[in-house]
Amino acid sequence: MASRNTASVSSRKTGSKSIDEFAPGAIVEFDRDQELKAYREMLLIRRFEEKAGQLYGMGFIGGFCHLYIGQEAVVVGMQLALKEGDQVITGYRDHGHMLACGMSARGVMAELTGRRGGLSKGKGGSMHMFSKEKNFYGGHGIVGAQVSLGTGLAFANAYRQNDNVSLAYFGDGAANQGQVYESFNMAALWKLPVIYIIENNRYAMGTSVARASAGVDFSQRGTAIGIPGLQVDGMDVRAVKAAADAAVAHCRDGKGPIILEMQTYRYRGHSMSDPAKYRSKDEVQKMRSEHDPIEQVKARLLEKGWASEDELKAIDKDVRDIVADSADFAQADPEPDVSELYTDILL
């Protein structure tokens, strides 16, 4: 893994490029408004997940709870390249994707605590939330299942000729699942407008990619059937945006699917029940101190004089207030009525 460390990725400024023109390490240089937007949205995800972890420890959240802390730049950067109508589908590490898609913090947190005001009426929990209004098609607990479903969304877009693109997020572990390659083949055969985003956080549950995968360049997993791929510094929101622009243009031009391997890192364990003893504290601290996606944006804002420390503290306070409100709501909201056991059942 050392040769693929995000620290080794160089940076180049670019606009929206085709895949053939795209240079490894390319970035989009953000203006002040874009930097502030990225900072706020990533910070909202970070603070939300920290609070979710607290509520889990207090017993308000049951079952599984997979936190997105450290990976915020991936979904925020991708969302910056989308238009109304584009769809998102992901796996079980999904709270950040929901917030980035515009789903309410109250609705997400209430679903985590199993309350009536949750986005799935308190019946889905951490891994199963949906929002047709926000074009978010889940959270899915079955490893790799969302890849086939995301391909289906892309098929519907191609059939309807509506110019929309489907984004299917999955992890490095799910990249070894059989249905992923069946989906790749179908998407390549019919040139479907789908972006496969592999969030390579280096550990599939508790196993490093070096031990679990014979080939660790996940961007090339579709090479045999003609799907192009890019490796991206998933800790730099500007690099994600650059790759997203190129990938979205590729799909909208009718050139078929593309794979983006986001080289990222999760700071917490696989889930809240995972003590993450398979890696050292020094490794985690090194990533936090050298590659943290939020701190990178903060440093640029301060260096360029686009925001003061006080202004950034005010943003953090506003975000913390939103998260605190969502936690209060999620603890006070009633549980679903027993009659909900018989609704939303399809036969």
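The legends below describe close-up views of a predicted model.

**View 1. Strand 4 and its two parallel neighbours.** Strand 4 covers residues 166-171, and because 5 of its 6 residues are buried, this strand is largely enclosed by the rest of the structure. Strand 3, made of residues 87-89, runs parallel to strand 4 and is joined to it by 3 bridges, with Gln87 standing opposite Ser166.

**View 2. The crossover from strand 4 to strand 5.** Strand 4, helix 6 (residues 178-190) and strand 5 together make a β-α-β unit, and this unit is right-handed.

**View 3. The surroundings of Ser166.** Ser166, a residue of strand 4, has a relative accessibility of 0% and therefore counts as buried, the cut-off being under 20%. Its side chain reaches the backbone oxygen of Gly150 at 2.9 Å. When residues up to four places away in sequence are not counted, Ser166 touches Gln87, Gly150, Leu153, Ala154, Asn157, Pro193, Val194 and Ile195, and Gln87 is also the residue that stands opposite Ser166 in the pairing of strand 3 with strand 4.

View 4. The structure holds 6 aromatic pairs; among them is the stacked pair of Phe155 and Tyr159, with 6.4 Å from centre to centre and 20 degrees between the planes. Both of these residues belong to helix 5 (residues 145-160), where they lie 4 residues apart, about one turn of the helix. Phe155 is partly exposed, at a relative accessible area of 39%, whereas Tyr159 is exposed, at 67%. The ring centres of Phe155 and Trp190 are 5.5 Å apart and their planes stand at 50 degrees, so this pair is tilted. It links distant parts of the chain, since Phe155 lies in helix 5 and Trp190 in helix 6, 35 residues apart. Trp190 is partly exposed, with a relative accessible area of 46%, and the three residues Phe155, Tyr159 and Trp190 form one aromatic cluster.

**View 5. Helix 11 and the helices it packs against.** Helix 11 (residues 309-332) has 24 residues and reaches 34 Å from its first C-alpha to its last, close to the 34 Å expected at 1.5 Å a residue. Its buried residues are Leu312, Ile315, Asp316, Val319, Val323, Ser326, Ala327 and Ala330, and these pack against helix 1 (32-57), helix 4 (105-112) and helix 10 (293-303).

Note on methods. Residues numbered from 1 in each chain as written. Predicted model: local features only at pLDDT ≥ 70, side-chain atom pairs only at ≥ 80, totals over all residues. Heavy atoms only, no water. Buried < 20%, exposed > 50% of the residue type's maximum accessible area, 1.4 Å probe, protein only. Pairing = 2+ DSSP bridges. Right-handed = clockwise from strand over helix to strand, strands pointing away. Expected span 1.5 Å × (residues − 1). Contact = heavy atoms within 4.5 Å. Polar contact = N/O pair within 3.5 Å; in protein donor to acceptor, adjacent residues only side chain to side chain. Phe/Tyr/Trp six-rings, centres within 6.5 Å; stacked < 30°, edge-to-face > 60°.
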